[in-house]
Amino acid sequence: MDCMFCKIINKDSPAKIIFENDRVIIFKDYRPQADTHLLICPKKHYPTFLDTPPDELAYLHKVCGKLAEYLKIENGFRMTINNGPQGGQIVFHIHIHFLSWICDIGDKKIELELD
Ligand code: AMP
Ligand code: ZN
């Protein structure tokens with residue numbers, strides 16, 4: 001399948017990965033629009049928000065919450081999902097944009113406690 005984010009997940013394409021487990025990967029957006037601009041993706045390929053099962057979306061939301069707590073930016077982050085070509089979606093592998101202007105995560109890997 002010709003999916004850029006699946007290639008990153010399979011390590012066939014480079015990315016600044018800051019966290020991964022068997023279900024999710026977090027890497028830096030290569031065209032950042034904030035001091036911290038991360039993309040949170042399920043490892044399983046679902047093209048859009050509307051294709052993604054609710055339990056998978058709930059897990060992605062949980063990851064975002066843990067990430068905000070880990071970075072201590074509970075008071076300053078934004079999450080965005082673009083859905084469909086006219087919603088600004090360019091990469092058709094569901095992802096949440098996680099942005100913050102109050103911290104710069106740098107390139108370090110992080111550890112998140114997830115079930
Ligand atoms: P969207 O418009 O929601 O589909 O967002 C796609 C995002 O992925 C954009 O912000 C791009 O800058 C980013 N992006 C695309 N390809 C890569 C890549 N290979 N590595 C990191 N970020 C990427
Ligand atoms: Zn994919």
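Which residue has its backbone oxygen 2.7 Å from a polar atom of the side chain of His95? The residue is His93, and the points below place this contact in its surroundings.

This is a predicted model, in which local features need pLDDT of at least 70 and side-chain atom pairs count only at pLDDT 80 or more, while totals for chains, interfaces and linings use all residues. Residues are numbered from 1 along each chain as its sequence is written, chains are lettered from A and ligands numbered from 1 in the order in which they are written, and side-chain values use heavy atoms, with hydrogens and water left out.

1. The contact of His93 and His95. The backbone oxygen of His93 lies 2.7 Å from a polar side-chain atom of His95. A polar contact is a pair of N or O atoms within 3.5 Å; within protein, one must be able to donate a hydrogen and the other to accept it, and residues adjacent in sequence count only if both atoms are side-chain atoms. His95 is found in the loop between β4 and β5; helices (H or I, at least four residues) and strands (E, at least two) are DSSP runs, numbered from the N terminus. His95 has a relative accessibility of 7% and therefore counts as buried. Buried means under 20% relative accessible area, exposed over 50%, and partly exposed in between (1.4 Å probe, protein chains only).

2. The zinc site. His93 (ND1) also coordinates the zinc ion (ligand 2), together with Cys3 (SG), Cys6 (SG) and His45 (ND1), at 2.1 to 2.3 Å. Donors are N, O and S atoms within 2.8 Å of the metal (3.2 Å for Na, K and Ca); water is not among the atoms, so sites may look incomplete. Angles of 104 to 116 degrees among the 4 donor atoms make the site tetrahedral, a term that requires all angles of four donors to lie between 85 and 135 degrees. Cys6 belongs to helix α1 (residues 4–9) and His93 to the loop between β4 (78–80) and β5 (96–100), so this pair ties together parts 87 residues apart in sequence. Both Cys6 and His93 are buried.

3. Aromatic pairs. The whole structure contains 2 aromatic pairs. Rings of Phe, Tyr and Trp (its six-membered ring) pair if their centres lie within 6.5 Å; planes under 30 degrees apart count as stacked, over 60 as edge-to-face and the rest as tilted. Phe5 and Phe27 are edge-to-face, at 5.1 Å centre to centre and 80 degrees between the planes. This pair links helix α1, which holds Phe5, to strand β2, which holds Phe27, 22 residues apart. The ring centres of Phe77 and Phe98 are 5.2 Å apart and their planes at 15 degrees, so this pair is stacked. Phe77 is partly exposed, with a relative accessible area of 31%, whereas Phe98 is buried, at 0%.

4. The β1–β2 hairpin. Strands β1 (residues 17–20) and β2 (residues 24–28) run antiparallel and are joined by 3 bridges; two strands pair if DSSP finds at least two bridges between them. The hairpin has 3 residues between its strands, and Glu20 stands opposite Ile25 in β2.

5. Most residues other than glycine have a negative phi. Lys11, which is not a glycine, has a positive phi of about 65 degrees and is partly exposed, with a relative accessible area of 49%. Lys72, likewise not a glycine, has a positive phi of about 60 degrees and counts as exposed, at 68% relative accessibility.

How values were computed: Four donors count as tetrahedral if all angles lie between 85 and 135 degrees; four count as square planar and six as octahedral if opposite donors are over 155 degrees apart and all others between 65 and 115; anything else is irregular.
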